[in-house]
Amino acid sequence: MGLLIEMPKIQLDQVLLKTWGAKWLGAVASEVNPKNKGAVAPAPKAKKPNRFDKKQGMDFGLVFDVAFGNALATMLGNKVASPINNSLLPPAPDVVEVGKARIVGGIRPQNYDAAYRPDGPRLVYDSKTLNDAGSIRKNWQNMINDLATEASTVHTRFPYCIVVFVIALPRPALLWPQEQALIRTLDRLGSREDELDQHHLAESISLVIWNPEDGSIDMKSPPPDSRLRLETMNDRIYQAYIDRYRNLPPHEIEEAVDVDSEPAADGSGIV
């Protein structure tokens, strides 16, 4: 049995984010692997600055996925493992999966970026990134629709499952109108309080606005008291998990005691 403890804060490596920021600011695209084994890799192509190319954008999300998985595994007292491709079961009985974890929901099968599913999905997580001004302007509303669908497809089959999202956007690409609209909309969407609440809502959503110049996180937006802050996501997840899975295997945290029973004379507790 693992020991369930409070979930630690999700720690992002500022140096790593700054490294990714240099790629975002730069004009060098992802390295291309050679088609033939042993062949020399072609030189990377150029890209437009102030954005990621497609592969960079996908790889960047791993910064958040790994940080989240490590914090969740600490809470649950278990290890992080990679999912088996397209498998509906984890690779071991009690692990946090970081990678493409496949869940068959009520709407469609869906791959999530992290999951905990010792007896079915108890928690699923996905990260989303929009990486340039044009993408944010054109696609933020479609992203909202995707979040609602991903939450619904899990909750219609597994209403007790905790659904978590992290949204990461670069500060220079985020205009004020989209920023305010996103904060208002994500705050409503991340308000699911219990298993009887609406299916399209998520238990926790964090909006991370990061600065490519130095890898720092904007501490003023969302506001410090917003439930969208990454620094408080761990508290919301821990409370939801305790409410739904307290004292259930594989990590019971206390023994049930019958306070009305009296110990026997021999100390066995059997009268």
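Is N247 buried, partly exposed or exposed? I began with this residue and found N247 partly exposed, with a relative accessible area of 23%. The cut-off for buried is under 20% and that for exposed is over 50%, so a value of 23% falls in between. I note at the outset that the model is predicted.

**Entry 1. Overall composition**

I looked up the secondary structure and found five helices and six strands. Reading from the N terminus, I recorded the order of the elements as α-α-β-β-β-β-α-β-α-β-α. The protein has 271 residues, and 46% of them count as buried. I then turned to contacts between residues at least 6 apart in sequence, and 64% of these join residues at least 24 apart.

**Entry 2. The largest pocket**

I next looked up the pockets. The largest pocket holds about 700 Å³ of space. I found 26 residues in its lining, and G57, M58, S127, K128 and T129 lie nearest the centre of the pocket. Two or more lining residues come from each of α2 (54-76), β2 (95-104), β3 (109-116), β4 (123-129) and α3 (133-155).

Which element gives the most to this lining? I recorded α2, with seven residues. Sorting the lining by class, I noted ten charged, ten polar and six nonpolar residues.

**Entry 3. The second largest pocket**

For the second largest pocket I noted a space of about 230 Å³. Its lining includes K9, I10, Q11, L12, Q14 and L17. I also found G215, S216, I217, M219, L230 and E231 among the lining residues of this pocket. By class, I recorded six nonpolar, four polar and two charged residues here.

**Entry 4. Helices α3 and α4**

Two packed helices are described by the angle between their axes and the distance between the axes. For α3 and α4 (residues 176-189) I looked up both values: the angle is about 0°, and the axes are 11 Å apart. The helix α3 is therefore roughly parallel to α4.

I then listed the residues that make the contact. From α3 they are I136, R137, W140, M143, I144, L147 and A148. From α4 they are Q178, A181, L182, T185, L186 and L189. By class, I counted ten nonpolar, two polar and one charged residues in this contact.

Where does Y160 lie? I found Y160 in the loop between α3 and β5 (162-170). Its relative accessibility is 41%, so Y160 counts as partly exposed. I noted that Y160 and P121 are 39 residues apart in sequence, with their C-alpha atoms 8.7 Å apart in space. Leaving aside residues up to four places away in sequence, Y160 touches R122, E195, R244 and Y245.

I looked up E193 next and placed it in the loop between α4 and β6 (204-210). E193 counts as partly exposed because its relative accessibility is 49%. Between the C-alpha atoms of E193 and S204, eleven residues apart along the chain, I recorded a separation of 9.3 Å.

Which residues does E193 touch, not counting residues up to four places away in sequence? I recorded R227, R236 and R244.

**Entry 5. Backbone geometry**

Most residues other than glycine have a negative phi, and most peptide bonds are trans.

I found a cis peptide bond from S221 to P222, with omega near -5°. P222 is in the loop between β6 and α5 (233-245). I found another cis peptide bond from P249 to P250, with omega near 15°. P250 lies in the segment after α5.

For phi, I noted N86, a residue other than glycine with a positive value near 65°. N86 is in the loop between β1 (79-81) and β2. At 46% relative accessibility, N86 counts as partly exposed.

N247 is not a glycine, yet I recorded a positive phi of about 65° for it. I placed N247 in the segment after α5.

How values were computed:
Residues numbered from 1 in each chain as written. Predicted model: local features only at pLDDT ≥ 70, side-chain atom pairs only at ≥ 80, totals over all residues. Heavy atoms only, no water. 1 Å grid on protein atoms, 1.4 Å probe; cavity = no way out; pocket = protein on both sides within 12 Å on 5 of 7 lines; lining within 4 Å. Points joined across faces, edges and corners; volume = space filled by probe spheres on them. Helix = DSSP H or I, 4+ residues; strand = E, 2+ residues; numbered from the N terminus. Nonpolar A, V, L, I, M, F, W, Y, C, P; charged D, E, K, R; others polar. Axes fitted to C-alpha atoms, helices over the stretch in contact; angles between N-to-C directions. Parallel < 35°, antiparallel > 145°, perpendicular 65-115°, else oblique. Contact = heavy atoms within 4.5 Å. Buried < 20%, exposed > 50% of the residue type's maximum accessible area, 1.4 Å probe, protein only.
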